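The points are grouped by topic.

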Amino acid sequence: PRQLLWHLFLIEARLGRERRRRWGPRPIDLDLLLYEQRVMDEADLVLPHPRMLDRPFVLVPMEEIDPDFIHPVVGRSIRQILRERKFSDGVRWLGRIWQ
């Protein structure tokens, strides 16, 4: 996972991202959400991504890709997690872009 994260940072840098301040504006943001069933909690890498379960724009496309994937921490499928969560904003398919 560390090598993959390094490659994600490299892609971001090549596309103009500068890491100046946390949660600041940026032209691109690539996150490593999962890596197989690996669980890590280190200063520079937390897996699964700690906020992925709170983000419908992550869960809805994930459900399309693999609805039966079991989240390694909560032990439930993406389909089950999505059905249990009550999100105020919906996620809509707009062709090739999620919104």
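Helices (H or I, at least four residues) and strands (E, at least two) are taken as DSSP runs and numbered from the N terminus. On that basis the chain has three helices and two strands, and its elements follow the order α-β-β-α-α from the N terminus on. The model is predicted: local features need pLDDT of at least 70, side-chain atom pairs count only at pLDDT 80 or more, and totals for chains, interfaces and linings use all residues. Residues are numbered from 1 along each chain as its sequence is written, and side-chain values use heavy atoms, with hydrogens and water left out.

**Overall dimensions and burial**

- Taken along the principal axes, the C-alpha atoms of the chain fill a box of roughly 35 × 30 × 20 Å.
- Burial is judged by relative accessible area: buried means under 20%, exposed over 50%, and partly exposed in between (1.4 Å probe, protein chains only).
- Of the 99 residues of the chain, 28% count as buried.
- With contact defined as heavy atoms within 4.5 Å, residues 24 or more positions apart account for 40% of the contacts in the chain with a separation of 6 or more.
- Asp 41 lies in strand E1 (residues 40-42), and this residue counts as exposed because its relative accessibility is 70%.
- Asp 41 and Leu 15 are 26 residues apart along the chain, and their C-alpha atoms are separated by 28 Å.

- A nonpolar core is a set of buried Ala, Val, Leu, Ile, Met, Phe, Trp, Tyr and Cys residues joined through side-chain atoms within 4.5 Å.
- The largest such core has 10 residues, namely Met 52, Leu 53, Val 58, Leu 59, Val 60, Met 62, Phe 69, Ile 78, Ile 81 and Leu 82.
- H2 and H3 each supply at least two residues of this core, and the largest share, four residues, comes from H2.
- A second, separate core has six residues, including Leu 5, Leu 8, Leu 32 and Met 40.
- In soluble globular proteins, nonpolar side chains tend to be buried together.
- H2 is mostly covered, with seven of its 10 residues buried.
- The buried residues of H2 are Pro 56, Val 58, Leu 59, Val 60, Pro 61, Met 62 and Glu 63, and they pack against H3.

**Salt bridges**

- A salt bridge is a side-chain nitrogen of Lys or Arg within 4 Å of a carboxyl oxygen of Asp or Glu, and by this rule the count comes to eight.
- Arg 17 forms a salt bridge with Glu 12, with the closest N and O atoms 3.1 Å apart; both residues are buried.
- Glu 12 is found in helix H1 and has a relative accessible area of 1%, so it counts as buried.
- Leaving aside neighbours within four places in sequence, Glu 12 is in contact with Arg 17, Arg 19, Ile 28, Asp 29 and Leu 30.
- Asp 54 and Arg 85 meet through their side chains in a salt bridge (3.2 Å, N to O).
- Asp 54 lies in the loop between E2 and helix H2 (56-65) and Arg 85 in the segment after helix H3 (78-84), so this pair ties together parts that are 31 residues apart in sequence.
- Asp 54 is partly exposed, with a relative accessible area of 49%, and Arg 85 is also partly exposed, at 30% relative accessibility.
- Another salt bridge joins the side chains of Glu 84 and Arg 76 (2.9 Å, N to O).
- Glu 84 counts as partly exposed at 45% relative accessibility, as does Arg 76 at 29%.
- Salt bridges that share partners join Arg 2, Glu 42 and Asp 44 into one network.

**The largest pocket**

- On a 1 Å grid over the protein atoms alone, a pocket is an open set of points where a 1.4 Å probe fits, with protein on both sides within 12 Å along at least five of seven lines; lining residues have an atom within 4 Å of a point.
- The largest pocket is lined by 28 residues, of which Arg 17, Arg 19, Arg 22, Asp 31 and Arg 51 lie nearest its centre.
- Helix H1 (2-14) and strand E2 (45-47) each supply at least two residues of the lining, and the largest share, three residues, comes from E2.
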